[in-house]
Amino acid sequence: MYKDLNLADVRAFTVIAEQGSFTLAADKLACSRSHLSKQLTQLERYLGVTLITRTTRAQRLTDQGEFFYERCQHALDVVEQAVAQTVDNAQNLQGNININCVGGYIGEEVVTRLVNDFMSAQPNISINLDFSSQRVDLVLDHFDLVFRMGELEDSGLVARKLMDINNCTLAAPGYLEQKGKPLHPKALNEHSCIIGTVNHWSFQQKKDAKQKADVAITGKFRCKNGRVMKSSALAGQGIVRLPEIYCAEELSKGELVHVFDDWIIPATPLYLLYNKDKFQPARLREFISFTTAHFNDYV
């Protein structure tokens, strides 16, 4: 009903009432007495009541003015507290950050350690780290930041590239001794492959990136969890495609070996995504700065 009420006029009235003088109120609000008088007249006309009886020598609140002043003063105090707390939460290093992240080694090892160190450095910031695998919408799903692998679609998001993840095709030595080592990606059709989320594996020639091969993969075992896929490969169940950092220890021990010498899988970029916001809270700015500066320290 009162959607056209001017809060500046209400604020002017409360200052006049508490100062007991147009002159003192004008000094406090850094405006002229005539401007204050105009604001009060507008407010009284809008409400249809007289709030302050004034003469050239004195002024006093009417009964309606006293009633209105007491309630408006309380309401304005609540608004000021809300403004102060909102600004404080945005400008100080405190509050909560909601993050969605890829799982597997990147999420469970790299990002988790980074987050723990960040919270140790910023004890007033709490973090909700979510590993749900579906492609989330930052606004609709209430996330502040997303760690995402793969090429990005056109969007209004800010994307900070953190690293390129090298992928590789691996198998246990025992499997290759038994089944033979494929010399070309197309020969994967003759092998049992361990499949994750990708049904087609794309390769390019190591010495000539223009030579490409795209293979539809088949196999007896499918799982979206990288650790489980690695365990299946170690058990000799077939050929697996995984990020190399998932398998560094197994490669160094010879428990897994590269299947191809001349064919590679294009690297997968990893990004930190967030919404464009010129009024971004300090806690998000600090986390973004910490992540972009130190991410590779955890890889």
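How many nonpolar, polar and charged residues does the lining of the largest pocket have? The lining has 20 nonpolar, 15 polar and 7 charged residues, where Ala, Val, Leu, Ile, Met, Phe, Trp, Tyr, Cys and Pro count as nonpolar, Asp, Glu, Lys and Arg as charged, and the others, Gly among them, as polar. The structure is a predicted model, in which local features need pLDDT of at least 70 and side-chain atom pairs count only at pLDDT 80 or more, while totals for chains, interfaces and linings use all residues. Residues are numbered from 1 along each chain as its sequence is written, and side-chain values use heavy atoms, with hydrogens and water left out.

**Overall form**

- The chain has 9 helices and 13 strands, taken as DSSP runs numbered from the N terminus (helices: H or I, at least four residues; strands: E, at least two).
- With a radius of gyration of 32 Å, well over the 19 Å that the globule rule gives for 299 residues, the chain is more spread out than a compact globule; the radius is taken over C-alpha atoms, and the rule is 2.2 Å times the number of residues to the power 0.38.
- The C-alpha trace spans about 105 × 35 × 30 Å along its principal axes.
- Of the 299 residues, 39% count as buried (under 20% relative accessible area; exposed is over 50% and partly exposed in between, with a 1.4 Å probe and protein chains only).

**Largest pocket**

- The volume of the largest pocket is about 1,100 Å³; a pocket is an open set of points on a 1 Å grid over the protein atoms alone, where a 1.4 Å probe fits, with protein on both sides within 12 Å along at least five of seven lines, and lining residues have an atom within 4 Å of a point.
- Of its 42 lining residues, the closest to the centre are Val102, Met149, Thr197, Val198 and Lys224.
- Elements that give two or more residues to the lining include helix H5 (104-121), helix H7 (226-234) and strand S13 (263-275); the largest share, 5 residues, comes from S13.

**Cysteines**

- The count comes to 0 disulfides (a disulfide being a pair of cysteine sulfur atoms within 2.5 Å).
- The sulfur of Cys247 is 5.7 Å from the closest cysteine sulfur, in Cys168, which is too far for a bond; Cys247 is buried, at 0% relative accessible area.
- For Cys31, the closest cysteine sulfur is that of Cys72, at 18 Å, also too far for a bond; Cys31 is partly exposed, at 25% relative accessibility.

**Gln39**

- Gln39 lies in helix H3 (residues 33-47) and is buried, with a relative accessible area of 10%.
- Leaving aside neighbours within four places in sequence, Gln39 is in contact with Ala8, Asp9 and Ala12 (heavy atoms within 4.5 Å).

Notes. Points joined across faces, edges and corners; volume = space filled by probe spheres on them.
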